[in-house]
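Student: I am new to this protein and would like to go through its model step by step. Could you show it to me and then take my questions in turn?
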Amino acid sequence: VFCIKIMKPKRTTIKDIAKHLGLSVSTVSRALNDSKNIKKETKDLIRETAHALNYRSNPIGLSLKHGVTNTIGVLVPEMVTPFASEVITGIQETLNKTGYKVIIAQSDEDPVRERENLQLMENFMVDGIIICPCDYKTNKKEYLRLQDNGIPIVFYDRIPFGMNVPNVIVDDYRETFFMIEHLIRLGRRKIVYIQGPNYIYNSVERIRGYKDALNKFSISYDESLVVYTGMTFDDGGVAAEKLLNRGVKFDAIFTFTETLALGAMNYLKYNQIKIPKEVAMASFSGTILSTVVYPQLTSIEQPKKMMGETAANLILEKIANPSVANKKIILSSEIKLRASTEISLLKKDIETQ
């Protein structure tokens, strides 16, 4: 048995260029950094040689020298839905204009993985971090530690508990209240709420909006109409299955996220329940996915790209002036009424499902 060891090509260094040209390392270094004290002819020669030898600068080394990397870490809870990608688009477009690059990581709704990714970004010496946390309490000490170490952090969509931090969010309470009010005005009285995990602060605010909207119309809060679940498509289907198995009577479902709504819709349609004739469907956190299902899903849609742009501007502000006051920016969402709640919007030639 023969073992062949593959040797990685040696990376060209400044010392290699200096040796090749018979110059000092300091002269080569200053030339590559465009020093005014080096003649143009020498700079050109050194740059041509660097190119010929396939030299690339070491960004980590430069970071250690100058204390900045011109990189921003972005940490998202998931990349399955278009929500995160639209936010990231807003972040990248804004930061790229100022010369910053973005390092993206996913926590997968796991606070342990989130903490590991935060520490990885710290090791890469990012100049700041933009994060949508997966749990509003678990990693609070880690956020505080990073801030104490001089790393600015901006939160978007979800916020940590009891911290004075820059953040950009929407009004989860108000938007949920309006959506439930709309369903009630449509004549729906038995409205299910498929709620997300309580460790996400948005979930706490949305259930508050749900309860207060019911109270406005003197509809008693019914615990049997609230289903606590996870965050996946399958979780939405399981929640709908629980409702049917328990024999709960309902005429509408509002879900914590679009993903849960799609899972629930899929299960209801499989069981021949017509939407919206028998059960109206609506959700928070709508994306383009709400428009590619039948019937199209009524949803509350956050301004995702604007959220990313705003978060990017907040982190730039914090980097430029760490002592600037922490801003809380609340953006307006838009309620998109579609055929899953509005019978009139269904195509006349297609029977409701």
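Student: Which residue in strand 9 stands opposite threonine 255?

Tutor: Please keep in mind throughout that this is a predicted model. Strand 8 and strand 9, the latter covering residues 280-283, pair in the parallel sense over four bridges. Within this pairing, the residue that stands opposite threonine 255 is serine 283.

Student: Which residue stands opposite isoleucine 253 where strand 8 pairs with strand 6?

Tutor: Strand 6, made of residues 191-195, also pairs with strand 8 in the parallel sense, over four bridges. Opposite isoleucine 253 of strand 8 stands valine 192.

Student: Which residues of strand 8 point the opposite way from Ala252 and Phe254, and are they buried or exposed?

Tutor: In a regular strand the side chains alternate between the two faces of the sheet. In strand 8, which runs over residues 252-255, Ala252 and Phe254 point one way, and the residues that point the other way are Ile253 and Thr255; all of these are buried.

Student: What is the bridge partner of threonine 71 in strand 2?

Tutor: Strand 1, covering residues 71-76, pairs with strand 2 in the parallel sense over six bridges. Together with helix 5, these strands make a right-handed β-α-β unit. The bridge partner of threonine 71 in strand 2 is lysine 101.

Student: Is serine 107 buried or exposed?

Tutor: Serine 107 is placed in the loop between strand 2, residues 101-106, and helix 6, residues 111-123. Apart from neighbours within four places in sequence, serine 107 is in contact with Leu75, Val76, Pro77, Arg113, Glu114, Asn117 and Cys134. Because its relative accessibility is 1%, and the buried class takes in values under 20%, serine 107 counts as buried.

Student: Which class of accessibility does aspartate 108 fall into?

Tutor: Aspartate 108 is also found in the loop between strand 2 and helix 6, and it has a positive phi of about 60 degrees although it is not a glycine. Its relative accessibility is 44%, and since the class between 20% and 50% is the one that applies, aspartate 108 counts as partly exposed.

Student: Is serine 285 buried or exposed?

Tutor: Serine 285 lies in the loop between strand 9 and strand 10, and its phi is positive, about 60 degrees, although it is not a glycine. Because its relative accessibility is 11%, which is under 20%, serine 285 counts as buried.

Student: Which residue does a cis peptide bond join to tyrosine 294?

Tutor: The residue in question is found in the loop between strand 9 and strand 10, the latter being residues 298-301. The omega of this cis peptide bond is about -10 degrees, and the residue joined to tyrosine 294 is proline 295.

Student: What is omega for the cis peptide bond between isoleucine 275 and proline 276?

Tutor: Proline 276 lies in the loop between helix 11 and strand 9. For the cis bond that joins isoleucine 275 to proline 276, omega is about 5 degrees.

Student: What volume does the largest pocket have?

Tutor: The lining of the largest pocket divides into ten nonpolar, eight polar and seven charged residues. The volume of this largest pocket is about 440 Å³.

Student: Which of the 25 lining residues are the closest to the centre of the largest pocket?

Tutor: Helix 5, helix 9 and helix 11 are the elements that give two or more residues to the lining of the largest pocket. Of the 25 residues that line the largest pocket, the closest to its centre are Glu78, Thr81, Glu109, Met231 and Thr259.

Student: Which residues line the largest cavity?

Tutor: The structure holds one cavity of 30 Å³ or more, and about 30 Å³ of space lies in the largest cavity. By class, its lining has three nonpolar, one polar and three charged residues. The residues that line the largest cavity are Pro166, Leu314, Glu317, Lys318, Ala325, Asn326 and Lys327.

Key
Residues numbered from 1 in each chain as written. Predicted model: local features only at pLDDT ≥ 70, side-chain atom pairs only at ≥ 80, totals over all residues. Heavy atoms only, no water. 1 Å grid on protein atoms, 1.4 Å probe; cavity = no way out; pocket = protein on both sides within 12 Å on 5 of 7 lines; lining within 4 Å. Points joined across faces, edges and corners; volume = space filled by probe spheres on them. Nonpolar A, V, L, I, M, F, W, Y, C, P; charged D, E, K, R; others polar. Buried < 20%, exposed > 50% of the residue type's maximum accessible area, 1.4 Å probe, protein only. Contact = heavy atoms within 4.5 Å. Pairing = 2+ DSSP bridges. Right-handed = clockwise from strand over helix to strand, strands pointing away.
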